[in-house]
Amino acid sequence: MDYTERELMVVCAARQIHDGENVFVGMRLPLIAFALAKRTHAPHCIGLFETGILRDAPSPELLYTMGDAPNIAGALWTTGTLNVMRPMAAGDIHLGFIGGAEVDRYGNLNTSLIGDWQHPKVRLPGSGGGADIASLSQRLAIIMQHEPHRLREKVDYVTSPGYGYPDERGPAGEAWRKRVGLPRGGPAALITTLAVFTFDRSTGEALLSSYHPGTTIEQVQEQTGWQLRLAEDCAETVPPSKEELRVIRECDPQGVWTR
Amino acid sequence: MSKLVSMSEAIARYVPDGSSVAMSLALEPLIPFAAGHEIIRQHKRDLTLIGPISDILFDQLIGAGCAQKIVAAWVGNVSEGLAHCYRRAIEQGIPRPLVTEEHSNFSIGLALLAASLGAPYIPTRTLLGSDLPRQNPTLRVEPSLVDGTPLLLVPAIAPDVAIIHVQRSDEEGNAHCWGNFGISQEAMLAARDVILVAEEIVSREVIVSDPNRVLGPCFKVRAVVHEPWGAHPSTVQGYANRDHAYYHDYHVRTRKQEGFQSWLEEWVLNVPDRAAYLQKLGEERLRSLAVKEHRYAAPVDYGY
């Protein structure tokens, strides 16, 4: 079957959404993933956007930003940012999506800077709402380009907390999040151009859950900056169905985000 | 009392050198680009720019040398990627070095909310475990007085001035705004002065016909500027769609400092005001961005 790596990533992202969930939707691929989930297996999910928008129907047109006019017309609620952050802070958001420039084996994400804090080699845009979604949603799904310099043992800067690091007070994982005071959450999935990872919440470590058709575990290892640990049921990623591809191409007919 | 003034007068009077300016508060829509360009033309210096994400507005002000400090959650080009002027300023000190105070969208909103409440700070659990509190010394982690668990204390931020683009306002600064607000309302209440920029100036009767649509209290507003298309290339619901191509063109042309300079001369420095800017954009482009299909809300009954 013919599909692009981004179309496969959208499908993997959509599979993270369960029916009836409140989803904090990010930019680009998650916008399409929300639309795909909504039109296939999760018709009752609700999407929240950090600009201050709540929708139960995907935008009828492709979005370049979440604040585009078609995302506001037909919304269930247009309001302020704090009004959509509030339910997330209180625990009402099941799943949030974010992307980043770098991620490490504990799911900590960097969108702030590469290199030295005072004299960075590359200044990236920053958190936006990403760090809030990573801190406060019940589950986090991370979407990334898979390259060895992006999937690193340790990121240069933790913008959005994943499962932290082991330290003198205990292990990474859920225990670390509790230690630093985060109320819940943590990464549930890391979806890349090559693979899907899940996480062992007791150690915080990423586990290779599936590798995309056309790749192997060895190839994924070559492109990953840490020693892979495999999930028990690690297998090839289930490819997109015809129906999933049809919906994606309806949402993004020009392939702006998915080709 | 009418507060209606020209853009150049509003900026000259309420945005002095060294002031802290909150703008681009609704995230991607309603970005006051016309005000930003006037700030550049008046060669304002040493500004502190406060906002959640600014799309390319902060990048332009940084590239033009107007800013000395950025208090923001995100500086980039939303549909295109990284912000080239911001990168040059941080990585190479071009055109001048910048100080940053890193926030998230939630924490910057809470900082403005705190100021609007007259509170010194607001406690939250966001950003705990992130490096933001280690890099931004104004954010402090302290144990909760209730149960001893860690809390992030976000200190109040009270901007000298907030510049807010709205759909319509009367001459006294009672403004109707719709669509998503981002943190506009918090900023309006936190700022000392507010400049409202409106697509349309309407009568008081239009405003009071729907008081629930009003963004905030007119007593915060010092100046009202009538500037149709003043948020181009950003979205103004019911008035203007986002000009995606403009963001793309900016992204491509500003990769190098010389490219930014030529962009700046073409679109800001050699353009005396917004009317000339619109003429340069051309009628055809404006028509392509205008509303294609109106969708009016059902009227509500304030009768008694």
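How far apart do the C-alpha centres of domain 1 of chain B and domain 2 of chain B lie? I took this up at the start of my notes on what is a predicted model, and the answer I wrote down is 30 Å.

**Entry 1: the domains of chain B**

I looked up the division of chain B and found domain 1, made of 7–44 + 159–289, and domain 2, which covers 105–155. I then asked how many residues of domain 1 of chain B are in contact with domain 2 of chain B. The list gave me 5 residues of domain 1 in contact with 6 residues of domain 2. Sorting the domain 1 side of this contact by class, I noted 4 nonpolar residues, no polar ones and 1 charged one.

**Entry 2: chain B as a whole**

For chain B I recorded 12 helices and 11 strands. Along the principal axes, its C-alpha trace spans about 60 × 60 × 35 Å. The radius of gyration of chain B is 19 Å, which agrees with the value near 19 Å that a compact globule of 304 residues would have. I also noted that 50% of the 304 residues of chain B count as buried, and that, among contacts in chain B between residues at least 6 apart in sequence, 74% join residues at least 24 apart.

**Entry 3: the nonpolar core**

Which residues have the most contacts inside the largest nonpolar core? This core has 170 residues, and the ones I wrote down as having the most contacts inside it are A:Ala13, B:Ala162 and B:Ile195. Both domain 1 (7–44 + 159–289) and domain 2 (105–155) of chain B give residues to this core, so it lies between them.

**Entry 4: a helix and a hairpin of chain B**

Turning to helix H2 of chain B, residues 33–41, I found that 8 of its 9 residues are buried, so this helix is largely enclosed by the rest of the structure. The buried residues of H2(B) are B:Phe33, B:Ala34, B:Ala35, B:Gly36, B:His37, B:Glu38, B:Ile39 and B:Ile40, a list in which I marked B:His37 and B:Glu38 for a second look. Just after H2(B), B:His43 takes a positive phi of about 50°.

I next looked at strand E6 (residues 140–143) and strand E7 (residues 150–155) of chain B, which pair in the antiparallel sense over 4 bridges. Within this pairing, B:Pro143 stands opposite B:Pro150 in E7(B). The hairpin of E6(B) and E7(B) has 6 residues between the strands, and there B:Gly148 takes a positive phi near 80°.

**Entry 5: chain A as a whole**

The secondary structure of chain A comes to 8 helices and 15 strands. Its radius of gyration is 18 Å, close to the 18 Å given by the globule rule for 259 residues, so chain A is as compact as a globular protein of that length. The C-alpha atoms of chain A fill a box of roughly 50 × 45 × 35 Å along the principal axes. Of the 259 residues of chain A, 57% count as buried, and 66% of the contacts between residues at least 6 apart in sequence join residues at least 24 apart.

**Entry 6: A:Met9**

Is A:Met9 buried or exposed? I found this residue in helix H1 (residues 5–15) of chain A, and with 27 C-beta neighbours inside 10 Å it counts as buried, because the cut-off is 20 or more. Leaving aside neighbours within four places in sequence, A:Met9 is in contact with A:Leu29, A:Ile143, A:Ile191 and A:Thr193. For A:Met9 and A:Ile143 I noted a separation of 134 residues in sequence and of 7.8 Å in space, C-alpha to C-alpha.

**Entry 7: a sheet of chain A**

I traced an open sheet of 3 strands in chain A, with the order E7-E6-E11 and mixed pairing. Its edge strands are E7 (109–110) and E11 (151–152), each of which pairs on one side only. Strand E6 (residues 102–104) of chain A runs parallel to E11(A) and is joined to it by 2 bridges; A:Asp104 stands opposite A:Arg152 in E11(A).

**Entry 8: where the chains meet**

Last, I looked up the contact between the chains, which takes 44 residues from chain A and 52 residues from chain B. On the chain A side, the elements that give two or more residues are helix H3 (69–72), helix H4 (81–89), strand E9 (120–123), helix H5 (130–136) and helix H6 (174–180). By class, this side of chain A has 21 nonpolar, 18 polar and 5 charged residues.

How values were computed
Residues are numbered from 1 along each chain as its sequence is written. Chains are lettered from A and ligands numbered from 1 in the order in which they are written. This is a predicted model: local features need pLDDT of at least 70, side-chain atom pairs count only at pLDDT 80 or more; totals for chains, interfaces and linings use all residues. Two strands pair if DSSP finds at least two bridges between them. Two residues are in contact if their C-beta atoms, placed from the backbone, lie within 7 Å. Ala, Val, Leu, Ile, Met, Phe, Trp, Tyr, Cys and Pro count as nonpolar, Asp, Glu, Lys and Arg as charged, and the others, Gly among them, as polar. The radius of gyration is taken over C-alpha atoms; the globule rule is 2.2 Å times the number of residues to the power 0.38. A residue is buried if 20 or more other C-beta atoms lie within 10 Å of its own, exposed if 12 or fewer, and partly exposed in between; C-beta atoms are placed from the backbone. A nonpolar core is a set of buried Ala, Val, Leu, Ile, Met, Phe, Trp, Tyr and Cys residues joined through C-beta atoms within 7 Å. Domain bounds come from an automatic or database domain assignment.
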